[in-house]
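Thanks for passing this one along; I have put my comments into numbered points that you can read next to the model.

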Amino acid sequence: MTGISRRGVIAGLGATSLAAPFINRRAFAQSGDAIKIGVVTALSGPQEFIGNFVLSGCQIAVDQINAAGGVLGRQLALEIRDDRANPAEASAAARELIGLGANLQIGTISSSVALAMGPLMTQEGGVVITCGAGTEKLNHENYNEHVFRPGDGPYMRMRAQARLMAERQPEVTSWTGLVPDHEYGRTTWAVYVDGLLQFYPEIAKADPEILDPIIVPYGAGDYRTFVTQAARSQAQGIYNSTYGGDSVTLFQQAKPFQLFKDRVLMDSANEFIVAGALKGDTPGHWTGIHWYHETNKGNPLSDQLYDDYVKKTGNTQPMGWVSEAHAGIYAYAKAIEKSGKSDTDAVIAGLKGLEWDTATGKRLMRAEDNQAIKDVELIYIEPDASGPLGYKVTDYVKVDGNTVIEPPTPGEPMTLRKPS
Amino acid sequence: MAGDLITILFNAMIWAMATFLVASGLTLVFGILHVLNFSHGGFFMIGGYVAYTVLSMFGADIPLWAYLVAAIVASVAMGGTGVAVDTLVFRRLKSVDGVYVLIATYALLLVCDGVVKLIWGLNYLSVSPPRELLDVIFLGGAILPTFSIFVILSGVVVFLVLDYVLNRTSAGRILQVIAIDPWMAGVVGINVSSVYRWTVITGFALAGLAGGLLVANQSLSPDLAGIFILQAFGVVIVGGMGSVRGAFVASIFLGLVEALSATYLPNYPGVLFFATIALVLIVRPEGLLSRQATT
């Protein structure tokens with residue numbers, strides 16, 4: 001005699017599920033004591049390797065901030081979800097977390113996930129900070145005010161690499177590329193070429209010769225055909241934008257052909273991935289890195305991050321994604337402090353134009369396109385057969401981000417120099 | 001010009017024999033058991049990791065004998081794993097629809113992935129070729145690394161041994177009989193169940209052997225399972241499902257397609273490879289060499 005009929009329960013459930021999408025999720029956001037931050041990153045799948053660094057960076061930053069008293073007297077708490085680097089899974093996880101009150105999110109590595117986050121965050125009333133997503137569209141064609149990139153975009157990174165070459169290797173004027181067959185691979189090469197065409201005439205007082213890049217398949221087991229093509233090229237310098245295991249295989253198979261013996265090798269973004277795998281067989285090369293602790297020695301945030309990371313994981317050679325996540329959490333903390341609130345609109349307002357300290361030094365979140373201006377870090381790695389790692393970093397530089405960043409043009413594609 | 005031609009042929013043969021090494025166990029198991037083992041790449045990958053573990057005892061300076069021993073250890077380890085997989089999985093799949101077989105073997109692939117992450121972690125790893133195979137040979141303007149020649153020879157030797165066993169020994173003839181009519185083979189007194197088991201063991205051992213022989217050919221990572229398996233499925237399909245000779249011929253054919261494509265259509269990597277597979281399937285859906293005629 002409860003008065004509840006089966007038909008009534010079904011009707012109630014149906015009405016609830018129909019009404020759910022229209023309930024304003026902002027009403028649930030951040031009502032508890034702790035400020036929830038959703039970490040949606042790749043904890044399995046092809047980018048799991050990077051996702052673990054991202055998660056560690058988030059956890060270390062939250063522990064440090066909480067130990068120092070939190071933000072506006074409130075602790076930070078992480079809600080962690082796996083996106084498998086898949087836009088559909090990332091969208092589901094992000095929606096769920098916003099429903100749980102985590103309107104502030106972080107951790108996007110994959111470019112396709114990052115591009116999916118903009119419309120979703122607009123619709124659901126959240127904000128996301130990416131951790132290494134490289135697509136240039138993020139602050140150009142697909143600009144969305146709910147998405148922020150605290151790290152260097154491809155325009156900055158690749159042009160910084162070209163600038164460094166013009167400064168350090170002015171005699172290396174002919175270049176080709178080992179470019180993976182996907183849009184991002186071709187974009188990195190196009191931006192690098194843009195940098196060569198600007199900085200070689202300006203700095204090296206020489207016109208660079210741009211040879212056709214060698215387009216290589218993604219995820220192949222044999223790159224020898226492409227290696228022999230590159231070996232036949234007259235290029236004095238090779239730009240590599242293959243990534244991860246593809247790079248390891250390619251470099252491994254290139255060794256007998258002595259592809260890199262008398263050529264300068266500039267690698268886009270492998271950090272320690274190639275060197276960690278090839279050890280003493282690593283060819284000497286420059287590579288872009290989000291953060292290298294030796295470059296930033298003396299910066300208290302960097303030293304503390306390194307110590308905490310080693311203590312947490314036992315790994316003495318962290319990759320730079322740790323710092324991207326760490327900087328992202330600190331950006332949220334500073335934005336909340338700046339605006340005095342943790343709701344989405346206040347945090348977006350706080351992030352825009354935010355200047356904050358990170359493990360790589362001061363960064364400025366450009367208000368116009370949500371792209372951070374920061375120094376671009378590059379390291380030179382050489383084999384070291386007798387050393388504990390089998391390789392060592394023999395040089396490192398920072399390129400002033402202001403000298404290589406593009407003007408803000410949100411909503412518009414990049415415009416690049418092209419060889420005549 | 002001669003150098004270009006030699007380079008194209010040489011690169012085609014490396015691709016072909018590396019792929020055949022992986023595909024040989026796959027096509028053998030399919031030919032006899034009619035099980036399309038989706039997890040084959042996973043056991044190839046674990047074979048590579050097992051060889052890596054053995055070779056890590058030698059540091060960067062690896063002698064050829066150690067390299068071969070590591071490949072044999074990987075082969076034996078995967079053959080042993082084959083016993084467990086046959087008992088726990090394949091025997092239960094004999095009477096079910098092929099779709100369930102695909103699902104079950106895909107699940108096995110995920111298990112392989114998990115095992116690799118659990119034991120060896122997520123870092124990319126690599127092994128140097130043996131010290132005796134670090135040189136190169138110059139031939140008509142082409143550069144031929146000796147380790148690549150070793151890979152080509154390994155593929156040819158595995159093919160010759162398999163072909164001899166399947167076509168010139170009584171065990172091979174029994175296998176062919178069972179592949180065509182297992183019921184009749186049982187009626188005439190052949191222990192079909194035992195032959196099935198040994199076929200699985202051999203197929204898995206071949207996966208392990210391929211992993212061990214190719215461990216210095218590419219990087220090791222949990223992604224490795226997927227890298228060769230797509231190519232291996234390509235040669236198995238083009239060669240004729242279950243035909244070892246067909247797989248061998250198809251691997252050379254597709255290797256040539258791949259090398260020519262990379263040389264003359266550099267802006268469209270992989271396109272010609274898949275177009276060729278599609279064309280073969282349209283023109284000759286049973287593959288280049290059918291199993292019944294050639295196992």
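1. Chain B is built from twelve helices and two strands. Reading from the N terminus, its elements follow the order α-α-α-α-β-β-α-α-α-α-α-α-α-α. Please keep in mind throughout that this is a predicted model.

2. On overall dimensions, the C-alpha trace of chain B spans about 60 × 45 × 35 Å along its principal axes. Its radius of gyration is 19 Å, close to the 19 Å that the globule rule gives for 295 residues, so chain B is as compact as a globular protein of that length.

3. Chain A has twelve helices and 16 strands. Its C-alpha atoms fill a box of roughly 85 × 45 × 40 Å, again taken along the principal axes. For 420 residues a compact globule would have a radius of gyration near 22 Å, and the 23 Å of chain A agrees with that.

4. How is chain A divided into domains? The domain assignment gives domain 1 as 19–152 + 297–373 and domain 2 as 155–289 + 376–403. Between the C-alpha centres of domain 1 and domain 2 of chain A the distance is 30 Å. Their contact draws 16 residues from domain 1 of chain A and 18 residues from domain 2 of chain A.

5. Next, the area between these two domains. Domain 1 and domain 2 of chain A bury about 1,300 Å² between them, and carbon and sulfur atoms give 58% of this.

6. The polar side of the domain interface deserves a look too. Two salt bridges are found across the interface of domain 1 and domain 2 of chain A. Separately, Asp152(A) and Arg157(A) form a salt bridge, with their closest N and O atoms 3.0 Å apart. Five residue pairs are in polar contact between domain 1 of chain A and domain 2 of chain A, counting pairs with both residues at pLDDT 80 or more. On the side of domain 1 of chain A that touches domain 2, the elements giving two or more residues are helix H2 (48–67) and strand E14 (372–373) of chain A. By class, that side has seven nonpolar, six polar and three charged residues.

7. Now to the two chains. How many residues does each chain give to the contact? Chain A gives 33 residues and chain B gives 33 residues. The area buried between chain A and chain B is about 2,700 Å², with carbon and sulfur atoms giving 53%. In chain A, the residues that lose the most area to chain B are Phe49(A), Arg224(A) and Gln252(A), together 20% of what that side buries.

8. For your charge checks, the count between chain A and chain B is two salt bridges. Arg232(A) forms a salt bridge with Asp4(B), and the closest N and O atoms of this pair are 3.3 Å apart. Between chain A and chain B, 14 residue pairs are in polar contact, with both residues at pLDDT 80 or more.

9. Which elements of chain A give two or more residues to the side that touches chain B? They are H2, strand E8 (214–216), helix H7 (224–232), helix H8 (245–254) and helix H9 (273–278) of chain A. The largest share of that side, six residues, comes from H7(A). Sorted by class, the side of chain A that touches chain B has 13 nonpolar, 13 polar and seven charged residues.

10. Last, the salt bridges of the whole structure. A search over all chains finds 28 salt bridges. The side chains of Arg159(A) and Asp194(A) meet in a salt bridge at 2.7 Å, N to O. Arg159(A) lies in helix H5 (residues 154–168) of chain A and Asp194(A) in helix H6 (residues 183–204) of chain A, so the pair ties together parts that are 35 residues apart in sequence.

Notes:
Residues numbered from 1 in each chain as written. Chains lettered and ligands numbered in written order. Predicted model: local features only at pLDDT ≥ 70, side-chain atom pairs only at ≥ 80, totals over all residues. Heavy atoms only, no water. Domains from an automatic or database assignment. Contact = heavy atoms within 4.5 Å. Buried area = accessible area lost by both parts, 1.4 Å probe. Salt bridge = Lys/Arg side-chain N within 4 Å of Asp/Glu carboxyl O. Polar contact = N/O pair within 3.5 Å; in protein donor to acceptor, adjacent residues only side chain to side chain. Helix = DSSP H or I, 4+ residues; strand = E, 2+ residues; numbered from the N terminus. Nonpolar A, V, L, I, M, F, W, Y, C, P; charged D, E, K, R; others polar. Rg over C-alpha atoms; globule rule 2.2 N^0.38 Å.
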